[in-house]
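Here is a short report for a reader meeting this structure for the first time.

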Amino acid sequence: MALVLFLAVLSSNISSLSVYGAENEKNHKEYSSEDVLSAAKKALEYEKTSIGDKNKLIDDDIVMSVTDSLTDWLCFGAGRFGYETDNYEKYIDTLKTYVSGKYKKDGTLSDSEATAWHTISLTALSLGSDPTSFGVDEKGDAINLIADGVYNRSKTVSLGNQGTNAYSWGLITLDSMCFKVPEDASDTRESIITSILSRQVLSDGGFGLSSINDSSDIDITAMVCQALAPYYNSEEEYSYKNYNDQKEYKKSVRQVVDEALEFLSKKQFEDGGYGYGDSESSESAAQVIVALTSLGIDLNSDERFIKNECTVLDALMKYQQKDGGFAHANKEEDQSGSGGESNYLATGQAVYALNSYYRFCNGYRRLYDFRQEESEDLKEKIKEEISLIDGLEDDSSKEDIKNAFDKYKEIEESERSYVNNYKKLADLMEKNGVKNDSEYLSKAYEINHKAEGYIPDSYIKGTNTQFIIIILGILILLAIAAFVAVRIRSKRISDLNAV
């Protein structure tokens, strides 16, 4: 039995090195939640073995690399999966020391990059810490990363100094635990949303990195959709001047996001993937997966995002390599010579994209929503509302439509964004003249002055290879000893019978 167990584990470890890409480069495959977890675990194992200690994901080398945003995203991905590791607390302590040192030396984390605050804030939350009290400055006061990096960033340097990217990540960070914005802040949720909307590229509906006369970019457009996802169900309209044509517009978040989704749909390659020009990349596929799942879009059934029966998840999975990591590009798609090799940045983004997909499939909160998971009662209420809306038809009565809307309003405002088919209800209400007086969601997320992020129960169990080998060795020795004991006893019985 011990030998069979050993061979089974050995076989599973060997099979874990299989390449997804070779067999489904142009084909669709149905991926279960377990498939996604398995792929993510292999990717995390790659990151573990490619950096340092094979038995720790966050080892001493990683802890000492807190100045590198790549390690922050590694820890972010591990934390959001609840991956078992023993160095979360040590990483946070070292990160706090780094932040304190930067403030004491320079008075800031960065002169130009607001995303430095956003990355550390999200990492802190993913590991169960509070970014509103993260280290101390030269005066001994607690450092508030949310204030300094988001709503008060413009008191020193504009939050938009990094373009659309910083506005998007600033909003994601602000909404990560529904942080309140004080009245004297330099930016509000409304001003950040308006700034994002004003940077839309009107020619195709997408978004670019800079603000004026920019071409649309897949990754930036996907990140904008991620940031605006909590507001997709809001009826609030924003007035703004577009930076490209300098004309005034008044639109809801839903209108702009729908235009951005149309851009993403048109730019999808025939194998389901995304990239720049004619060159695909795993990172672009990963960002689109996070965008779609954040908006409650089922990438396996929404025809807008299926090409030749292939989904963007099919496209992402073809980049997973034999060592478990993900490549930036495949060999035939990359002219640099590094295609087909696992890449640390690409693997990190693939891990949290798989996490986002897993969360969507299993009814968990969005990737960047760090609040405690919804109660079973709330989940059931949301599920019932989604089913009620699904049952509505174009010829449904006003009474049925109004009843669905009344049930929708019974859901707490800050949770309404999880009713992922609300648009259908809103369209039917407008078509049938049913008054829509739902509250604006920009006010619904003004909840916490401070908060620690929620670490979920582990979806993926960390593996200590040496421990497994030792246990298997002991089991094998016990099996051999038992076998020898049985043979000796049998011989003794045989000798006695002979006597």
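## Salt bridges

Arg-371 and Asp-369 join their side chains in a salt bridge, 2.8 Å from N to O. A salt bridge here puts a side-chain nitrogen of Lys or Arg within 4 Å of a carboxyl oxygen of Asp or Glu. The model is predicted: local features need pLDDT of at least 70, side-chain atom pairs count only at pLDDT 80 or more, and totals for chains, interfaces and linings use all residues. Residues are numbered from 1 along each chain as its sequence is written, and side-chain values use heavy atoms, with hydrogens and water left out.

Arg-371 has 11% relative accessibility, so Arg-371 counts as buried. Asp-369 counts as buried too, at 5%. Buried means under 20% relative accessible area, exposed over 50%, and partly exposed in between (1.4 Å probe, protein chains only). Asp-369 also forms a salt bridge with Arg-365, with the closest N and O atoms 3.3 Å apart. Arg-365 is buried as well. The count of salt bridges comes to 21.

## A link across the sequence

Lys-409 and Asp-437 form a salt bridge at 3.0 Å, N to O. Lys-409 lies in helix H17 and Asp-437 in the loop between H18 and helix H19 (465-498), so the pair ties together parts that are 28 residues apart in sequence. Lys-409 is partly exposed at 28% relative accessibility. Asp-437 is partly exposed at 40%. Shared partners join Arg-365, Asp-369, Arg-371, Glu-374 and Glu-415 into one salt-bridge network.

## Helix H17

H17 covers residues 398-409 and has 12 residues. From first C-alpha to last, H17 reaches 16 Å, close to the 16 Å expected at 1.5 Å a residue. That expected span is 1.5 Å times one less than the number of residues. Helices (H or I, at least four residues) and strands (E, at least two) are DSSP runs, numbered from the N terminus.

Which residues of H17 are buried? They are Ile-401, Ala-404, Phe-405 and Tyr-408. Seen down the axis of H17, these buried residues fall within an arc of 100°, so they line one face of the helix. The arc is that of the directions from the helix axis to the C-beta atoms. The buried residues of H17 pack against helix H16 (376-390) and helix H18 (422-432).

## Nonpolar cores

The largest nonpolar core has 105 residues. Such a core is a set of buried Ala, Val, Leu, Ile, Met, Phe, Trp, Tyr and Cys residues joined through side-chain atoms within 4.5 Å. Leu-264 is among those with the most contacts inside the largest core. Leaving aside neighbours within four places in sequence, Leu-264 is in contact (heavy atoms within 4.5 Å) with residues including Thr-221, Tyr-274 and Phe-305. Another core, of 18 residues, lies apart from the largest one and includes Ile-382, Ile-401, Ala-404 and Met-429.

Thr-221 lies in helix H11 (residues 218-228). Thr-221 is buried, at 0% relative accessibility.

## Aromatic rings

The structure holds 12 aromatic pairs. Rings of Phe, Tyr and Trp (its six-membered ring) pair if their centres lie within 6.5 Å; planes under 30 degrees apart count as stacked, over 60 as edge-to-face and the rest as tilted. Tyr-240 and Tyr-249 have ring centres 6.2 Å apart and planes at 25°, so the pair is stacked. Tyr-240 is buried at 4% relative accessibility, and Tyr-249 is partly exposed at 24%.

Trp-73, Phe-76, Trp-169, Tyr-352, Tyr-368 and Phe-370 form one aromatic cluster.
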